[in-house]
Structures are given as C-alpha cells and as structure tokens.
Amino acid sequence: MTSTIFLQQLINGVSLGSLYALVAIGYTMVYGILRLINFAHGDLLMVAAYTAIYGIAVFTLPWYVSFPLAVLFTGLTGILLDRAAYKPLRSAPRISLLISAIGASFLLENLALVVIGGVPKAFPRPEPFDRVVDLFGLRIQVLTIYTPIVTLVLLLALLYIVHRTKVGKAMRAASRDFETTRLMGINVDRIISVTFLLGSVLAAAGGIMWAMKYPQVNPFMGVFPGLKAFIAAVLGGIGNIMGAVIGGFLLGLGEILIVAAVPELAQFRDAFAFVLLVLVLLFRPTGIMGEPFTDKT
Amino acid sequence: MDRDRLKIFLNGVTLVAVFLVLFAFSRYGTDYQVRILNNMAIFITLAVSYNLVNGYCGILHLGPNAFVAIGAYTSALLTMTPAEKQMNFIIQPIVWPLNVIEVPFVLSLLAAGLTATLFAFLISFPVFRVRGDYLAIVTLGFGEVVRVLCNALQNVTNGPLGLKGLSPCTNLWWTWGVAVLSMVVISRLIHSSYGRALKAIREDETAARAMGVDPFQHLLLAFLISAFFSGVAGGLLAHLITTISPTLFTFLLTFNLLIMIVVGGLGSTTGAVIGAMLFAWGGEALRIVEKPMDLGFVIIPGIPGMRMVIFSLLLMLVILFARRGIMGRSELNWEVILTRLDRLRRP
C-alpha cells in the first residue's frame with residue numbers, strides 16, 4: 001500500500017468512524033439512563049434521510065432549511081418512540097423492554113416500506129457537499145472532510161450540555177439512580193425525553209450525512225449502521241460519551257483499513273464488527289473507557 | 001379410572017385425532033392446505049424450542065435464524081446427489097467431502113440437528129459470559145455472521161445463488177412427527193429437576209447459584225436442545241420449499257418466532273404451540289390486506305408489506321398491554337382441563 005492510498009483510506013476511515021460515533025452517542029446515552037439497547041435508534045437514520053428527501057424534493061425547500069427540519073422531526077420521533085414504546089414498561093422486566101424495542105424498530109421500517117415503498121430513493125447531494133478538492137495531491141470529496149468537522153462541533157455542543165448545564169447535571173444524576181434523582185425534585189421522565197431528543201438529533205445528523213455518502217435511501221438503511229454503532233459504543237465502554245466517540249472512530253478506521261490492506265476480506269466486512277464485539281465482551285466487557293457494570297434497580 | 005391412566009388415555013386419543021386429521025388432509029386436502037399445515041408444524045417446532053431458551057431461561061436469544069440456516073444447509077447438502085451439486089455450483093465447484101456424499105433424508109435431518117448443536121456449543125462460551133442486552137446483541141451478531149458466511153463461502157453454500165432443486169422429501173408425517181417429538185422432549189425437560197433449575201435461574205440467578213445450581217451448565221443444555229430442534233426444523237424447511245438461499249434466514253425469521261412466543265406467552269410450551277398455529281394461519285389470512293379489495297362501491301388497492309406492519313404492531317401491543325400473552329406461564333394440558341371439569345361438577 002503506497003502512502004497516498006494509505007492517507008486516502010485513513011481519511012475515509014475517519015469519515016466513516018465519525019458517522020459511527022454520532023450514532024453511537026445516542027445508544028450510549030439511552031443505555032446510560034435506561035440500561036436499554038434502543039434497537040430502533042438505527043432506524044432514526046432512515047427517518048431523517050427520508051424527511052430530508054421529502055423536504056427537498058416535495059416541498060422544494062433549500063437544503064439549509066430541509067436538513068434542520070429533518071433533524072428536528074427525527075428528534076421528536078425519538079421522544080415519541082420513548083413515550084409510546086418504553087415509558088409504559090419502566091417497571092417491567094428487561095426482556096419486555098428489549099422486545100418492545102425490536103417491535104418498534106420493525107414497525108418503523110415496515111411503516112416506511114408501506115408509506116414510501118421499497119424502491120431505493122436517490123438522496124439529492126446539495127452543491128456545497130458535492131465538490132471534490134485537491135488536498136496534498138489527493139482527490140477528496142468535501143463531504144468526507146465535512147463529516148468529522150460536523151461531528152466534532154456536535155460533540156462539543158453535547159459535552160457542553162451534559163457537563164455545563166442543569167439539564168445535563170440532571171441527566172448524569174438520572175443515569176446513576178432514578179429514585180434519588182426524583183427525590184431531588186427532578187422530573188425524570190422529562191430528563192429521559194431530553195436524552196432521547198439529544199440522541200435522536202445526533203442520529204439524524206448522522207443519517208443525513210450517511211445518506212449523502214451512500215445516496216441510496218431505503219427503509220432498511222439504518223439497520224447496519226445502527227448495529228455497528230452499538231458495537232462501537234460497547235467497544236468504547238457503554239454509558240460513556242467519549243468512549244462512544246473513540247469506539248466509533250476505531251471501528252470505522254478498522255473496517256476501512258483492514259479491507260484496504262487485505263481486499264479479499266471485503267465480503268466479510270459486515271461480520272468484522274460482530275467478531276470484534278465478541279472479543280471485547282470476552283476480554284474487556286467494560287470496553288475501553290467503561291466503568292464496571294452496575295445493575296440499576 | 002385414576003387420573004394418571006385417564007391422562008395417558010386422553011393423550012393417546014389426542015394423538016389419534018391429530019393423526020386422523022393429518023390423514024384426511026394428506027388424502028383429500030388441497031396443496032395449499034397441506035402447505036399451511038406443514039408450515040404450521042415447522043413453526044411449532046421452532047417456537048417450542050425457541051421458547052425453551054427465551055421463555056423458560058428468561059434470556060433474550062436473537063439467533064435462532066442462524067441455527068435454522070445451518071440445519072437447512074447441512075441437510076440440503078447431504079441429500080443432494082453429486083450430479084445435482086455439480087449443476088448447482090456453477091461459479092465455484094463444491095469442496096471435496098461434500099461433492100461425493102449423499103445420504104438418506106432421515107440421516108440428513110439428524111446431521112442437521114447435530115451440526116446446529118455443535119455450532120451452538122462453540123458459541124455458547126462467549127454467549128453465556130454475558131447476560132441481558134449484551135447476550136441479545138451477541139446472538140444477533142452470530143446470526144449475521146452466519147448469513148455473511150453463507151454468502152461468502154461459495155464452495156460450500158454456493159453463496160447468494162443458494163441451492164435449488166432439492167428433493168421434496170418433507171411431508172405432513174415428517175413435520176408433525178418432529179413437532180410432536182419436540183413438544184414431548186421439551187415438556188418432559190421442563191417438568192424435570194432440570195426445568196425447575198432453569199426457572200430458578202430465570203427468576204434469580206444469584207439465588208439459584210446459592211442453591212447449588214450451575215447456571216452455565218443448565219443454560220447450555222437448554223441452548224443445545226433448542227439449537228438441535230431448530231436445526232432439524234431447518235432441514236425440514238429446506239426440503240419443503242426445495243430452494244434455499246441466505247436471504248431466507250435473516251433476522252426477520254427470528255422476529256417472526258419472537259412474535260409467536262410473545263403472543264402465545266413467554267414461558268409456556270402450549271402457548272408457543274398456540275402462537276405458532278395462529279401465526280401460520282394468520283399470516284395466510286392476512287394476505288387479504290395486501291390484495292386489492294372490491295367492496296362493491298369502492299375498490300381499495302392492496303398495500304404490499306402491510307402484514308409486517310400489522311405483525312410489528314401486534315407484537316408491541318401485546319408486550320405493552322398484555323405482557324402475559326395468551327397463556328402467560330400456565331400450560332393447557334389434561335391436568336388443567338380435568339381439574340377445571342372437576343370444579344364445575346363439584347362447585
């Protein structure tokens with residue numbers, strides 16, 4: 001592998017990794033508070049991508065209006081998801097919550113299939129993202145460069161909310177102990193809604209960028225990015241935002257670089273993440289940044 | 001007649017009744033009816049064995065589709081004649097021992113079950129190191145890895161092309177025979193000390209451990225038995241539809257099984273049977289929502305994919321509002337029915 005190709009693949013890896021990171025943050029935040037794998041989280045990518053398409057193609061909005069609207073809509077979908085599928089089961093056994101999550105995921109996918117149809121739709125790539133620039137002799141799509149930058153900006157904003165605001169403090173408290181948080185006069189259900197809102201907004205940003213990167217949008221587009229982002233969250237240490245980011249970058253870089261180094265492995269690419277998951281759970285179940293497991297009662 | 005002999009007699013009567021119904025259908029039923037009955041029996045086998053792990057052990061295992069796939073491929077590769085294999089594997093020739101082997105259907109089913117069990121044993125070590133959500137995602141990952149391998153290992157599975165032209169060996173006797181066998185084996189297991197230990201682990205693993213129950217050993221046995229029957233059902237399925245490809249064994253299969261056992265009642269063998277029968281029947285009955293409907297004054301166009309929306313909604317509604325499903329954790333057996341009847345007679 002020449003150094004140019006290596007550099008090219010490195011940039012691709014960082015770009016893919018930042019997408020995984022964006023989605024992984026949503027998993028890790030919901031897991032931190034509810035101790036639940038939100039199976040439907042990946043499908044929010046699809047919701048965002050379709051809303052953005054409809055904004056541009058049907059309502060002829062410019063992209064800088066359509067994209068924020070799609071992000072907002074997806075955020076509200078996230079809150080609705082929690083209210084409809086998870087809130088009634090707060091005191092139920094965990095297995096019920098997981099089954100409800102799987103049901104919600106299938107419902108979103110199949111509703112999209114019925115309402116929109118299974119034929120993949122082309123995602124319009126707005127002009128500012130469609131250029132190709134020359135960087136140190138490499139020809140790179142600007143989107144590949146924008147993706148990590150957008151991720152970084154969103155991550156800083158999120159870290160600010162979580163660590164410097166009252167809502168953030170309440171979120172951190174709720175992820176430790178529901179009862180005590182309630183005793184402090186905090187409306188835990190509202191905090192959970194905020195968590196879902198933030199996670200879904202990040203997923204929506206990820207979904208739109210994913211759709212610009214791979215412009216074939218279909219009802220099941222969110223399944224694999226979702227699963228892999230979850231694995232990234234576990235890799236980094238679930239419940240930890242920085243961990244999710246690191247895990248996302250590691251997974252993205254790993255996938256791209258392994259396939260670049262050994263092209264014969266390309267057909268096994270989708271299995272790579274799961275093998276990694278098993279290895280992490282076998283040897284370091286708490287992930288890279290994780291604290292020991294605590295069962296929340 | 002005392003209670004035990006009465007129950008044996010009634011079980012015998014039920015078996016004879018099932019036999020007569022099947023005989024009537026195999027003689028006079030249409031192909032479509034026989035097909036639904038076959039599907040029903042395969043679903044029963046799958047749901048009952050899946051419920052052993054999910055309902056009785058209380059862990060969320062999301063990879064039965066992997067074991068069905070392994071069973072289907074094993075059995076299919078063993079019954080195909082060398083000539084058929086040569087015709088199927090056009091891109092890459094099949095690897096050595098498989099290209100000459102041809103065994104009877106029975107042996108291939110047994111091999112299907114055993115291969116699935118072997119794979120279950122191999123993955124059980126990473127799987128049972130974790131619990132809860134992690135176990136769910138690891139087993140789901142196993143299902144995906146198997147699918148990726150089915151697509152990639154072209155000289156074993158023929159890749160995305162799949163295997164075509166299997167001999168249609170599966171008939172009502174095979175499917176219902178295996179279904180009855182799985183019901184008997186699993187309900188015997190549940191009513192043994194092993195089954196009680198499984199339920200103890202489900203309720204409180206730490207307490208069960210304190211009572212001297214080894215969770216790994218017990219969960220492993222349930223997992224292996226479940227995988228065995230899933231594998232055999234996979235073999236039956238392969239020889240029922242005679243064409244298999246990796247797309248048949250996606251997570252959707254697991255999702256359907258999950259609907260059956262949740263609707264039937266997690267932790268009830270008869271519940272799983274009822275769930276599977278309802279699913280096999282309902283899946284066909286609901287086809288009307290995907291066909292155009294003529295109400296005389298207005299024609300409603302059919303909506304493809306509507307069935308899956310209804311199934312996902314059903315799963316969520318059951319889990320949100322009627323978490324016990326139809327049967328909850330109780331069983332519907334002669335003991336229960338006779339006790340009810342007694343109570344009716346002597347109020």
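These legends go with close-up views of a predicted model.

**View 1. A nonpolar patch on the surface of chain A.**
Here five residues come together: Tyr64(A), Val65(A), Leu69(A), Leu72(A) and Leu76(A) make a nonpolar surface patch of about 500 Å². Take a look at Tyr64(A), which sits in helix H3 (residues 63-86) of chain A. Is Tyr64(A) buried or exposed? Its relative accessibility is 57%, so Tyr64(A) counts as exposed, because the cut-off for that label is over 50%.

**View 2. A tilted ring pair in chain B, Phe19(B) with Trp173(B).**
Across all chains, the count of aromatic pairs comes to 25. In the pair shown here, the ring centres of Phe19(B) and Trp173(B) are 5.2 Å apart. Their planes meet at 35°, so the pair is called tilted; that label covers whatever falls between stacked (under 30 degrees) and edge-to-face (over 60). Now follow the chain: Phe19(B) belongs to helix H1 (residues 3-28) of chain B, while Trp173(B) belongs to helix H9 (residues 172-190) of chain B, so this pair links distant parts of the chain, 154 residues apart.

**View 3. An edge-to-face ring pair in chain B, Phe105(B) with Trp174(B).**
What kind of pair do Phe105(B) and Trp174(B) make? Their planes stand at 85°, so they form an edge-to-face pair, with ring centres 5.3 Å apart. Phe105(B) is in helix H6 (residues 105-127) of chain B and Trp174(B) is in helix H9 of chain B, so the pair ties together parts that lie 69 residues apart in sequence.

**View 4. Phe283(A) in helix H11 of chain A.**
You'll find Phe283(A) in helix H11 (residues 269-283) of chain A. With a relative accessibility of 68%, Phe283(A) counts as exposed. Now pick out Met46(A), which is 237 residues away from Phe283(A) along the chain. How far apart are the C-alpha atoms of Phe283(A) and Met46(A)? They are separated by 34 Å.

Methods. Residues are numbered from 1 along each chain as its sequence is written. Chains are lettered from A and ligands numbered from 1 in the order in which they are written. This is a predicted model: local features need pLDDT of at least 70, side-chain atom pairs count only at pLDDT 80 or more; totals for chains, interfaces and linings use all residues. Side-chain values use heavy atoms; hydrogens and water are left out. Patches are made of residues with over 30% relative accessible area and no salt bridge: like charges are joined within 9 Å, nonpolar side chains (Val, Leu, Ile, Met, Phe, Trp, Tyr) within 5 Å. Accessible areas come from the Shrake-Rupley method with a 1.4 Å probe; for residues, only the protein chains shown count as cover. A salt bridge is a side-chain nitrogen of Lys or Arg within 4 Å of a carboxyl oxygen of Asp or Glu. Helices (H or I, at least four residues) and strands (E, at least two) are DSSP runs, numbered from the N terminus. Buried means under 20% relative accessible area, exposed over 50%, partly exposed in between (1.4 Å probe, protein chains only). Rings of Phe, Tyr and Trp (its six-membered ring) pair if their centres lie within 6.5 Å; planes under 30 degrees apart count as stacked, over 60 as edge-to-face and the rest as tilted.
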